[in-house]
Amino acid sequence: MSIIPSVNLKDFTSGSKHKKQQFVDAIGKAYEDIGFVALKGHFLDDVLVKNLYEQVKSFFDLPTETKKKYEIPGIGGQRGYVSFGKESAKGKKEGDLKEFWHFGQYVDDNDALKAEYPDNVIVKELPEFNKTGQETYKMLEKTAKYVLRALALHLNLEETYFDNYIHNGNSILRPIHYPPITEEPKEAVRAAAHGDINLITLLMGAQGRGLQVQNHKGEWIDAIAEADELMINVGDMLSRHTNNKLKSTIHRVVNPPKELWGTSRYSIPFFMHPISAMELDVLDSCIDENNPKQFDDITAGEFLTERLIELGLKK
C-alpha cells in the first residue's frame, strides 16, 4: 500500500446500516493493511481548531524559563511541559528535536481514578490555554470512541466493547512544537521511527510533508491529511490485544529540506488510552492455527509503565 486510505465518520453515525457497514469494512481493512487512516467527519470544528493552534503557539513562544516552570518532576512527563530533546524513541539515544505539552484526563465521576492521575497543570500566563485544551480533548475523545466502536464491530465484538475501558481512560492530548533547526543535526530527527503505546492515536496537523509511515514492504510513504482530516493510527496496546491483526505501524517525523529549516512545525496528537486496569490479553477471536498467541498477558497500566521507562520519561 502506497497511500493512506480516507474514511468519513459521518458514514458510521448516519443511521444507514449500509453506510455504517461500509465504514466498518473500510477502516478495518485499512488497519489490517497499514494501520493508518485519514478521517473526515470528526467532532472538531474549525473555530476550536483555530483557537487551539493560537493558544499552543502562544505557549511555545513563552520564554524558556517561563515554560520550565511547568515541567513537573516525578510524574514521567504525564502532565504539563516536557522540554526540548528530553524524549527519545525506543532504542534511540538521541533526543527528538521537539518540545511538548500534556493535557490529561478530566475525571469527575470516579474518585479512585482521579487520585491515580496527576492533576492538569494550569498556565497562568494564558487564561484561555487550559479551557481550549480541555474542549479539544473532549471532542477528540468522542471521535475516538466512535472509531473504536467501528473496530469492535470489525473484530466481531459488541459495538460498545471498548466504552467502559476508555471512559476516564488515561488519554493524553499532546501539542508538539518542532522548533526551527539551527545547525546540522548529527543523528537526531524531529521524531525518530516509533510505534505508539496506546489503543489509537488521533493526529491534528498532519498537513504538509514530514510524517512518514512504513508499509509492510519496509518503504517509507508520506502521510498527508487534508485540512479537514485527522490522521488516526493503531497503537501497540490495540495491536497486542488483537494479536497484531490490527497493525501498529512504525512512523516518524523527518527533518524538513534545508531551505525550510527556519520554520517551526506544530502537530497535536491525542493518544487514546484505556484505564490502567484493562487487560490487554490477546482476544480469543484473534487466535487460530495460523495465528498463535504472540503476546504475554499484561494490563494497560503495566504496559504503559514499561514503555515510559524505555522512552526515558520515567525511571
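The largest cavity has a volume of about 40 Å³, where a cavity is a set of points on a 1 Å grid over the protein atoms alone at which a 1.4 Å probe fits but cannot get out, and where a volume is the space filled by probe spheres set on the points, which are joined across faces, edges and corners. The model is predicted, so that local features need pLDDT of at least 70 and side-chain atom pairs count only at pLDDT 80 or more, whereas totals for chains, interfaces and linings use all residues. Residues are numbered from 1 along each chain as its sequence is written, and side-chain values use heavy atoms, with hydrogens and water left out.

By this rule, 1 cavity of 30 Å³ or more is counted. The largest cavity is lined by N170, M237, H273, P274, S276, A300, G301 and L304, lining residues being those with an atom within 4 Å of a point. Helix α9 (residues 300-310) gives the most to this lining, with 3 residues, helices being DSSP runs of H or I of at least four residues and strands runs of E of at least two, numbered from the N terminus.

The protein chain as a whole comprises 9 helices and 13 strands. Of its 315 residues, 53% count as buried, that is, under 20% relative accessible area with a 1.4 Å probe and protein chains only, with exposed meaning over 50% and partly exposed in between. Within helix α6 (residues 129-154) lies E135, which at 37% relative accessibility counts as partly exposed. The C-alpha atoms of E135 and L52 are separated by 9.2 Å, although these residues are 83 apart along the chain.

Technical notes:
1 Å grid on protein atoms, 1.4 Å probe; cavity = no way out; pocket = protein on both sides within 12 Å on 5 of 7 lines; lining within 4 Å.
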